[in-house]
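The sequence and structure come first.

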Amino acid sequence: GLLAAVNPSVPTWLPAAVAVGLGMMHGFLNGLTMASTATSFLAAVGIVVALGLVALLLGALTSSLRVPWQKIAARTLGSWMAAIGLLALAWSLRPGS
């Protein structure tokens, strides 16, 4: 969300490396939770495929935007996603949680 809002010029490998790192961390943490609840392997594959398709479709959608107002709308949505993420982080770190 923050990268979409700022729209920086970065090398191609950097977002891929960040996505791989975050994906591995998310998979590890999600795997720990799934192992403790006896969730099936098929459910894990479904989650991975669904999240991959959503990321692929959103990336394709935003890269195809050509009209300036569409780019502004995508950046605005990115800033809202970043703000929601910060609010969720603050909520999870609140005292007494």
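## Surface patch

V10, W13, L14, V18, L22, M25, F28, L29 and L32 make a nonpolar surface patch of about 900 Å². Patch residues have over 30% relative accessible area and no salt bridge, with nonpolar side chains (Val, Leu, Ile, Met, Phe, Trp, Tyr) joined within 5 Å. A salt bridge is a side-chain nitrogen of Lys or Arg within 4 Å of a carboxyl oxygen of Asp or Glu. Areas follow the Shrake-Rupley method with a 1.4 Å probe.

One of the patch residues, M25, lies in helix 2 (residues 13-37). M25 has a relative accessible area of 49% and is partly exposed (buried is under 20%, exposed over 50%, partly exposed in between). Helices are DSSP runs of H or I with at least four residues, numbered from the N terminus.

## Basis of the model

The model is predicted: local features need pLDDT of at least 70 and side-chain atom pairs pLDDT 80 or more, while totals for chains, interfaces and linings use all residues. Residues are numbered from 1 along each chain as its sequence is written, and side-chain values use heavy atoms, without hydrogens and water.

## Helix packing

Helix 2 packs against helix 3 (residues 41-63) at an angle of about 150 degrees, their axes 12 Å apart. Helix 2 is therefore roughly antiparallel to helix 3 (the term applies to angles over 145 degrees). Axes are lines fitted to C-alpha atoms over the stretch in contact, and angles run from 0 to 180 degrees between N-to-C directions.

## Helix 4

G78 is in helix 4 (residues 68-92) and is buried at 2% relative accessibility. The C-alpha atoms of G78 and A4 are 4.9 Å apart, across 74 residues of sequence.

Terms used:
Patch = residues over 30% accessible without salt bridge, like charges linked within 9 Å, V, L, I, M, F, W, Y side chains within 5 Å. Helix = DSSP H or I, 4+ residues; strand = E, 2+ residues; numbered from the N terminus. Buried < 20%, exposed > 50% of the residue type's maximum accessible area, 1.4 Å probe, protein only. Parallel < 35°, antiparallel > 145°, perpendicular 65-115°, else oblique.
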